[in-house]
Amino acid sequence: NPYQLLKSSLFYKGGNVLCVGDREYKLQQNVKLIAAGKAVGGMVRAVQDLIGDHIIKGVVSLPQGYRDTFKHRLDLYPLSSPQLDIFEGGKDNLPDENSLTASRAIYQLADAAVANDLLIVLLSGGASALTSLPISGISIGEKRIICSSLSQRGASINELNTVRKHLSLLKGGKLAILSQPAQILTLILSDVINDPLDIIASGPCYPDSSTGSDFLTVLQKYQITNLLPQQLVHDILQKTYHHVDFIPPHFVIGNNKLALDAAVDCSRSLGYESSVLYSRVSGNVVEMSSYYSAIIFCYLLHAYPYTFQLMHDKIERCFKVLGIVDGPTVEKLIKSYHEVVPVFHSKRVCLLSGGEPVVQVKGDG
C-alpha cells in the first residue's frame with residue numbers, strides 16, 4: 001500500500017522537523033510538492049496527513065481515470081486542497097496534451113522555488129509519461145509517436161527512458177537543476193529492476209548517466225531515427241554534457257524485492273510453501289512465459305507420478321500453443337527447474353517471480 005509505505009518512511013518529530021532516514025528537514029510552511037506516477041495518489045495522501053499544514057503549493061500528475069478508480073479509497077486519493085493542483089493524463093502510458101499541461105505546471109512550480117523551500121518529489125511507475133515536457137524542436141505528438149514505437153518494438157525500460165531523458169525539459173536531472181536553490185527530497189516507489197535512480201521515472205532529480213551517443217544508439221537499434229527531425233538529433237549529439245555537482249537525497253521506499261517478500265509472507269500465511277524463483281525477470285514476455293509454463297509442468301512431474309516422456313510431450317504442446325519456435329529446449333528447461341526450484345514437501349505450492357519483461361507488438365495492438 002503506497003500510503004502505508006510512505007507513512008512508515010517519514011517521521012515527524014517535535015520542533016517542526018521532518019525525518020527521513022538520516023536526514024532532517026525544518027518545516028516552516030515551506031513545503032512544495034511534486035508527484036507523478038500510477039501509485040503517487042496514496043503517497044500524496046500520506047504526506048498530507050503527516051505535514052499537510054506545511055504544504056504551500058503542489059502539483060500531482062496521475063494517470064487518466066485515476067479518480068474514477070480510487071475516489072472512494074481515502075488512503076489512495078489526495079485530499080482536495082486549494083494548494084494542490086491535480087491533473088490526469090498519459091492515456092495508455094504515453095505522452096498526451098493532458099500530461100503536457102501537468103508538466104508545464106510542474107515546471108512552473110520548480111522554477112519558482114527559492115532557497116527556503118523544501119521540494120518533496122514523489123515518484124512511481126508511470127511517471128515518465130506523466131511528466132512530458134518536450135525540448136524545443138519536437139512536439140508532444142511527435143514524442144508520443146517515438147515512445148509508442150519504442151514500446152511496440154520491445155525496447156527495455158532503460159532504452160526507452162534513455163530516449164525520453166534526451167527529449168525532455170524535466171527528466172535526466174533537469175527538474176533538480178530547475179529547482180535550485182531549494183532543498184529537494186525525492187521518495188520513490190520503484191518498478192525498475194535493481195532500482196537505478198537515473199532510470200526510475202527517467203530520473204528527474206538524478207544526474208543523467210547517458211549521452212547523446214547512447215540516445216542515437218537506441219534510435220538506430222529500433223530503426224526510428226527517421227521519426228525525429230534530423231536537426232534535433234544533430235543538436236542532441238553535439239550537446240556538451242556537464243556533470244551535476246550535487247545529487248539530492250533519494251529514498252526508495254518500495255520496490256520489487258519488497259513486494260515479493262510480502263507475497264511470500266502472505267502465501268505462507270495461507271498455508272502454501274513459497275519460493276521466489278527470480279526477482280529480476282526481464283526480456284521478451286513470450287520467452288518468459290515459456291519458462292514459467294515449463295516450470296509448472298516440471299513441478300507436476302516432481303509432485304505427481306508423471307513419466308518424463310509424458311511431461312516432455314506436455315511441455316512441447318505448451319510451446320506450440322504459445323507459438324514458441326526459438327525458445328529453449330524442453331530438456332534445458334527441465335534441467336533449469338531442478339537448479340532453481342527447491343524441493344517441496346507439499347502439494348500447496350506458490351512460486352513467485354518479479355521483474356519487468358517487455359512485449360513486442362507484431363500486429364495492430
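User: Is D208 buried, partly exposed or exposed?

Analyst: D208 counts as partly exposed, because its relative accessibility is 22%. Buried means under 20% relative accessible area, exposed means over 50%, and partly exposed is in between (1.4 Å probe, protein chains only). Bear in mind that this is a predicted model: local features need pLDDT of at least 70, side-chain atom pairs count only at pLDDT 80 or more, and totals for chains, interfaces and linings use all residues. Residues are numbered from 1 along each chain as its sequence is written, and side-chain values use heavy atoms, with hydrogens and water left out.

User: Which side chain does D208 meet in a salt bridge?

Analyst: The side chain of K165, at 2.8 Å, N to O. A salt bridge here is a side-chain nitrogen of Lys or Arg within 4 Å of a carboxyl oxygen of Asp or Glu. K165 lies in helix α7 and D208 in the loop between β8 and α9, so the pair ties together parts that are 43 residues apart in sequence.

User: What else is in that network of salt bridges?

Analyst: D198 is linked in with K165 and D208. The side chains of K165 and D198 meet at 3.8 Å, N to O. Helix α7 (residues 157-166) holds K165, and the loop between β8 (183-189) and α9 (212-221) holds D198, so this pair joins parts that are 33 residues apart in sequence.

User: Where do K165 and D198 stand, buried or exposed?

Analyst: K165 is buried, because its relative accessible area is 1%. D198 counts as buried too, at 11% relative accessibility.

User: How many salt bridges does the whole structure have?

Analyst: The search finds nine. One of them pairs the side chains of K32 and D117, at 3.0 Å, N to O. That pair links distant parts of the chain, 85 residues apart: K32 is in strand β4 (residues 31-36), and D117 is in the loop between α4 (97-111) and β7 (118-123). Both K32 and D117 are buried.

User: Let's zoom out. How many helices and strands are there?

Analyst: The chain has 14 helices and 11 strands. Helices (H or I, at least four residues) and strands (E, at least two) are DSSP runs, numbered from the N terminus.

User: And what share of the residues is buried?

Analyst: 47% of the 365 residues in the chain. The accessible surface of the chain comes to about 17800 Å², and 52% of that belongs to carbon and sulfur atoms. Those areas come from the Shrake-Rupley method with a 1.4 Å probe; for residues, only the protein chains shown count as cover.

User: What about contacts between residues at least 24 apart?

Analyst: They make up 79% of the contacts between residues at least 6 apart in sequence. Contact means heavy atoms within 4.5 Å.

User: Sheets next. What is the order of the open sheet with three strands?

Analyst: The order is β1-β2-β3, with antiparallel pairing. Two strands pair if DSSP finds at least two bridges between them. β1 (10-13) and β3 are the edge strands, each pairing on one side only. Neighbouring strands are turned by 25° against each other on average, direction ignored.

User: Which helix packs on the sheet?

Analyst: Helix α2 (residues 40-51), which touches β1 and β2. Its direction makes about 15° with that of β1. Axes are lines fitted to C-alpha atoms, for helices over the stretch in contact, and angles run from 0 to 180 degrees between N-to-C directions.

User: How many bridges join β2 and β3?

Analyst: Four, between β2 (residues 17-20) and β3 (residues 23-26), in the antiparallel sense. L18 stands opposite Y25 in β3. The hairpin has two residues between the strands, and G21 takes a positive phi near 60° there.

User: One more spot. What does N93 touch?

Analyst: K38, G126, A129 and R164, leaving out residues up to four places away in sequence. N93 sits in the loop between β6 (84-89) and α4. At 34% relative accessibility, N93 counts as partly exposed.
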